[in-house]
Amino acid sequence: MKVLGIDPGSRITGYGIIQKLGNRLLHVDNGAIFTDTSGEFPLRLQKIYTGLSEVIERYQPDAMAIEQIFFSNNVQSALKLGQARGAAIVAGVNAGLPVAEYTALQVKQAVVGHGKAAKEQVQQMVKILLNLPEIAQADASDALAVAICHANSVALRNAGKIR
């Protein structure tokens, strides 16, 4: 199973692609889509959509996993983040991918083992789990963590069906 993980953002949207082979997690690619913050917001959303559509076309993942919105004190930021998530989700759905959503707590639990883990702990575990030579760019590392969460969640759900 090949999973595309997404860490959505209106300025930077991280992506990470992993492949699960048996019990092994393999790093395929990661990166980020940077939008022009001085540009019009609809064009930024278009760049997120187009960039992720190209990633999907290139790597042909089997599923997409995306981080859910966290609660924010800044309503404008939360709305922009929600719109960026929407652009990312539509890219996945238009490509025929099943899209799973995970909270930050679920991602941290799946990667580190506890939901209160610091961002640095998550990044370090992603590096270890995927045998990366260095910690990936922050948004890409977060996206890889979301992909790991999904791969592990699907494995757990499937294990429960075997009984």
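Okay, let's start with a term: a residue is buried when its relative accessible area is under 20%, exposed when over 50%, and partly exposed in between, using a 1.4 Å probe and protein chains only. Helices (H or I, at least four residues) and strands (E, at least two) are DSSP runs, numbered from the N terminus.

Now, the ground rules. This is a predicted model, where local features need pLDDT of at least 70 and side-chain atom pairs count only at pLDDT 80 or more, while totals for chains, interfaces and linings use all residues. Residues are numbered from 1 along each chain as its sequence is written, and side-chain values use heavy atoms, with hydrogens and water left out.

So, the overall picture. We have 5 helices and 5 strands, and along the sequence they run β-β-β-α-β-α-β-α-α-α. The radius of gyration is 15 Å, close to the 15 Å from the globule rule for 163 residues, so the protein is as compact as a globular protein of that length. That radius is taken over C-alpha atoms, and the rule is 2.2 Å times the number of residues to the power 0.38. The C-alpha atoms fill a box of roughly 50 × 35 × 35 Å along the principal axes. Of the 163 residues, 44% count as buried.

On to α4, residues 119-129. Which of its residues are buried? Val 122, Gln 123 and Val 126. Looking down the axis of α4, those buried residues fall within an arc of 100°, so they line one face of the helix; the arc is that of the directions from the helix axis to the C-beta atoms. Over on the other side of α4, Glu 120 and Ile 128 are exposed. Just after α4, Asn 131 has a positive phi of about 55°.

Next up, α2, residues 75-94. With 20 residues at 1.5 Å a residue, α2 should span 28 Å, and its end C-alpha atoms are 28 Å apart, which agrees; the expected span is 1.5 Å times one less than the number of residues. Buried in α2 are Leu 81, Ala 84, Arg 85, Ala 87, Ala 88, Ala 91 and Gly 92. Their arc is 155° seen down the axis, so they also line one face of the helix. Val 75, Gln 76 and Asn 94 are exposed on the other side of α2. What do the buried residues of α2 pack against? β1 (2-7), α1 (41-59), β4 (63-67) and β5 (99-102), with contact meaning heavy atoms within 4.5 Å. After α2 comes Gly 96, with a positive phi near 80°.

Last topic: the cores. A nonpolar core here is a set of buried Ala, Val, Leu, Ile, Met, Phe, Trp, Tyr and Cys residues joined through side-chain atoms within 4.5 Å. The largest has 22 residues, and among those with the most contacts inside it are Ile 18, Val 107, Val 111 and Val 126. β5, α3 (104-111), α4 and α5 (138-162) each give two or more residues to this core, with α5 giving the most, 8 residues. Val 111 touches Val 122, Met 125, Val 126, Leu 129, Ala 145 and Ile 148, leaving out residues up to four places away in sequence. There's a second, separate core of 19 residues, which includes Leu 4, Tyr 15, Ala 84 and Ala 87.
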